[in-house]
Every structure is written in structure tokens, then in C-alpha cells.
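The exercises below concern salt bridges and strand pairing in one model. Work through each task before reading its solution.

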Amino acid sequence: MREKEIGNTVVLRLEIGEDIVSCVKDVCTRREIKAAHISGIGTLKRTVVGIYNMETKVYKANEYNEFMELTNLCGNASVMNKESYIHLHATLSDEQGHAFGGHLNEGIIGATAEIFITVLDGVIDRVRCDETGLNVFEF
């Protein structure tokens, strides 16, 4: 991973074999980023995305082991229990141009990824919501 700071934004270039989620978390932890908007594009060779089931309060994971375009990465960085908390969603496209996505659990780079972490001035905390079972913003 390579990174460069421009103003309030950290720009990342991820390399083949790196995981988007762990790289973004590493940057946010090292730089003590407590609130940020995250976006990006790239190519993945292995992806795990999930969708949350409100009845069971469990994510159903869908795993793909093929090269796909990461047509949109969006999410945020916040803090939960004094640790970096990364929440990412991804939209992917297969060879036929079919698009799908969900909550990004893992995204292994197939060629490269270009990611922007726009740092916000402040702190966004998270807390577990008993009703939904999700970790939500706490203001």
C-alpha cells in the first residue's frame, strides 16, 4: 500500500493481494482518524460482501473468487470502544457487467485500488443498538 496526504484527504493505492478493509483500518488507526468519509474504485480478485438480516440479526456472506471491477466503494470511519471502526459497502461488476454488492467484509486486490479517506474535523462514536443488533452512530 502506498499513501499520500493531500489537505484533509489520505489517498491510497493498494497493491495486488492486499485487503481493502484491513488496509483502510490500518491507516485510520495509525493516523488516529476518528471520523472520515471513504470512497474508491479498483479491481478485486476475491470479495466477501454481506447483507444484514433484521430477523436473525446476522449478516449473510456472499463470497466471490473471480476478478471483478470495484465500481464503487463507499463508507466511513468512526470509533467504537476507543478503536477505529470501518464501515464499507461495495458495488461490484462481473465480466458480463452484472452489478451486485453489499457490506464489504473482505476485498482482495486483483490489480489495484484507488481509495480516498476524507478526514472530518471531529469524532464520531458508535454504540450497539439492541433493537437492530447493529453498531450505530452515537451523537
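**Exercise 1.** Which side chain meets that of E63 in a salt bridge?

*Solution.* The model is predicted, so local features need pLDDT of at least 70 and side-chain atom pairs count only at pLDDT 80 or more, while totals for chains, interfaces and linings use all residues. Residues are numbered from 1 along each chain as its sequence is written, and side-chain values use heavy atoms, with hydrogens and water left out.

Step 1: apply the criterion, a side-chain nitrogen of Lys or Arg within 4 Å of a carboxyl oxygen of Asp or Glu. The partner of E63 is R46, at 3.0 Å from N to O.

Step 2: check exposure, with buried meaning under 20% relative accessible area, exposed over 50%, and partly exposed in between (1.4 Å probe, protein chains only). E63 is partly exposed at 47%, and R46 is partly exposed at 23%.

**Exercise 2.** Find the salt bridge between E106 and R46, and locate both residues.

*Solution.* Step 1: the closest N and O atoms of E106 and R46 are 2.8 Å apart.

Step 1: E106 has a relative accessible area of 23%, which makes it partly exposed.

**Exercise 3.** Describe the salt bridge between D26 and R30 and its setting.

*Solution.* Step 1: the closest N and O atoms of D26 and R30 lie 3.0 Å apart.

Step 1: both residues are in helix α1 (residues 20-30), four residues apart, or about one turn of the helix.

Step 2: D26 is partly exposed at 34%, as is R30 at 46%.

Step 3: for the total, the structure holds eight salt bridges.

**Exercise 4.** In which sense do strands β8 and β9 pair?

*Solution.* Step 1: two strands pair if DSSP finds at least two bridges between them. Strand β8 (residues 125-128) and strand β9 (residues 135-138) have four bridges, in the antiparallel sense.

Step 1: R128 has N135 of β9 as its bridge partner.

Step 2: the hairpin of β8 and β9 has six residues between the strands, and G133 there takes a positive phi near 80°.

Note on methods. Helices (H or I, at least four residues) and strands (E, at least two) are DSSP runs, numbered from the N terminus.
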